[in-house]
Amino acid sequence: MAKIKILDDETVKLIAAGEVVERPANAVKELIENSLDANATRIDVSIKNGGKTLISVKDNGTGMSREDAVLSISKHATSKISGKEDLSKIRTYGFRGEALYSISSVSKFEMITGQGDSSTYIYCEGNKILKIEERGPMKGTLINVFDLFFNLPARKKFMKSDINEFQATEEIFISYLFAREDVSFTLTHNGKQIFNIPVVNSLIDRFTYVYSPELAKKMVSVENKNVNFEIRGIISKPELTRKSKDHIYIYVNDRPVKSPEIIESIISAYGSLLFRDSYPIAIIKIYIDPEFVDVNVHPAKIFVKFSNESEILNFVKESVQKALKGINLIPDVSREFPALEKMEAMLDVEKQLTFETEKGILQKKIDENIPDTGSFRVVGQVLDTYIIVDTGKGMLIVDQHAGHERIRTEKLEDDINRKSVQNLIDPITVKLEPWQIEIIRQEKDLFSSMNFQFDVFQNHVILRTVPSFFKVQEIVDAFIEGLNELGKNKTKGIDERKRETIATMACKGAIKANQKLSEKEMKILLYDLMKCRNPYTCPHGRPTMINIGKDELEKMFKRKI
Ligand SMILES: Nc1ncnc2c1ncn2[C@@H]1O[C@H](COP(=O)(O)OP(=O)(O)O)[C@@H](O)[C@H]1O
Ligand SMILES: [Mg+2]
């Protein structure tokens, strides 16, 4: 007997529907897109229990006639394209005519839609219309999706917790907030309004509503155009970062898309301005002739394919770089361009000299070069904590502790990457608590990737090789600090944990606040800081320096208004 069977229509329908609507968030996405395609200017999304019991989307768009309302839930019913030639010039969010068919196939589905004078009410279960009635005047469409997957128990089982499903919906919802500033949106979960976002004139105003006015101040705009594409967007200054890439939003012709490649272009444009494993917030909108984009490559239309991908990637990178060049990287009291040029000039001087690590030589160079640049003069120390520098263009205030943390972290990183180690002639024995020993055993690989070699005997660790960065008297403290840090961060990714452990170990011996420094020490610190890959923030993301430009000083003293 043949084992292969042709599935019946009913089963085929359910399988196909499950592909389009994987979870509540997908249904929300499709319904929002339909509302936008219907030219709505207001969209209210309300869900219950993460969307498992109810997904409701209401819009003030064109609405449908009775005839169209019935057609809209049948298979491959669309008003947006008429044939294959239209597939290459899609300007609407939808085009496959599958969403309402799929959603209504796997739920108890209710729709009220009207074009002004009257409206139509339809109720169906598993795509079977059970009720259809004429209702009063209304313009727009309300769709209620009850009991998602009621007839697809396998799929129902796969839904995650309410919170989890809600978060997925929230993510999708937010992505449309940035897609269309000209539409107002609300999102309600279990009766509680989470977002109420009005129509605004600009992306940055939208951002202010979604994030906050404080964060909005740290965003800069990206604008660029060539014959083939246009880019509009906002990106965060390097001082504002996030631990994941989730805050990078990409749009192609106002359609939210996922593109790891474009995200990489954005990150690479920042280069070393970003600390390892920290990522910018960015909203990048690319506008391109629909002929060059295939939006039909993914069931949920989340990924798209460009016919000229590498060109786009370069263009994005270039545009972000251009935007970053125009800004001040040092947190500034004024909004004026800071002493950055001078610093760069100073860095150039340093680069021309062959760099040697030996203290004496370095010291000589500092004595020779800092005063020689003529632009950076250490004025003194305030509160035994801040170093005041005359930059020739204003005043720079350096936090000695944050600055030194940055210097030490980069030095330790460099040592680890260069595998510069010291073999301890007298191995150091450290007595540890049992839980610390446990961490050591678990993290042996991570420690060896940081060039620590040791043996463990009962409750002792015998350190034999350590990065050459550490002075002998620092080793025990730094090692224990690093160990404790690793114990805290079990859930994070390996790279991130390594980065944080390095920072913790390096920061341990940093110059503290409330510590008097000699002029020479201040000069060395300033010099070393300027040589850092990212001199502007400490490894924990706090600023190392603040600039008060000449203009700002003049304003403060009312020499200038
Ligand atoms: N909110 C809405 N307002 C007006 N018309 C709608 C709405 N939702 C769906 N429609 C109509 O129903 C059709 C089918 O919707 P859908 O199944 O999502 O397919 P698609 O969006 O791919 O056309 C749409 O083409 C549109 O004409
Ligand atoms: Mg649609």
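The model is predicted: local features need pLDDT of at least 70, side-chain atom pairs count only at pLDDT 80 or more, and totals for chains, interfaces and linings use all residues. Residues are numbered from 1 along each chain as its sequence is written, while chains are lettered from A and ligands numbered from 1 in the order in which they are written.

**Around ligand 1**

- There are 24 residues around ligand 1, where a residue is near a molecule if its C-beta atom, placed from the backbone, lies within 6 Å of it.
- Asn-34, Ala-38, Thr-78, Gly-94 and Ala-99 come nearest to the ligand.
- Helix H2 (24-37) and helix H4 (99-105) each give two or more residues to this shell; helices (H or I, at least four residues) and strands (E, at least two) are DSSP runs, numbered from the N terminus.
- The top contributor is H2, with four residues.

- In strand S7 (residues 184-189), side chains alternate between two faces.
- Phe-185, Leu-187 and His-189 share one face and are buried (20 or more other C-beta atoms lie within 10 Å of a residue's own, all placed from the backbone).

**Neighbours of S7**

- Strand S1 (residues 42-48) runs parallel to S7, joined by six bridges; two strands pair if DSSP finds at least two bridges between them.
- Strand S8 (residues 192-197) runs antiparallel to S7, with five bridges.
- Phe-185 stands opposite Ile-43 and has Ile-197 as its bridge partner in S8.
- S7 and S8 form a hairpin with two residues between them, and Asn-190 in the turn has a positive phi of about 45°.

Definitions and conventions: Buried ≥ 20, exposed ≤ 12 C-beta atoms within 10 Å, placed from the backbone.
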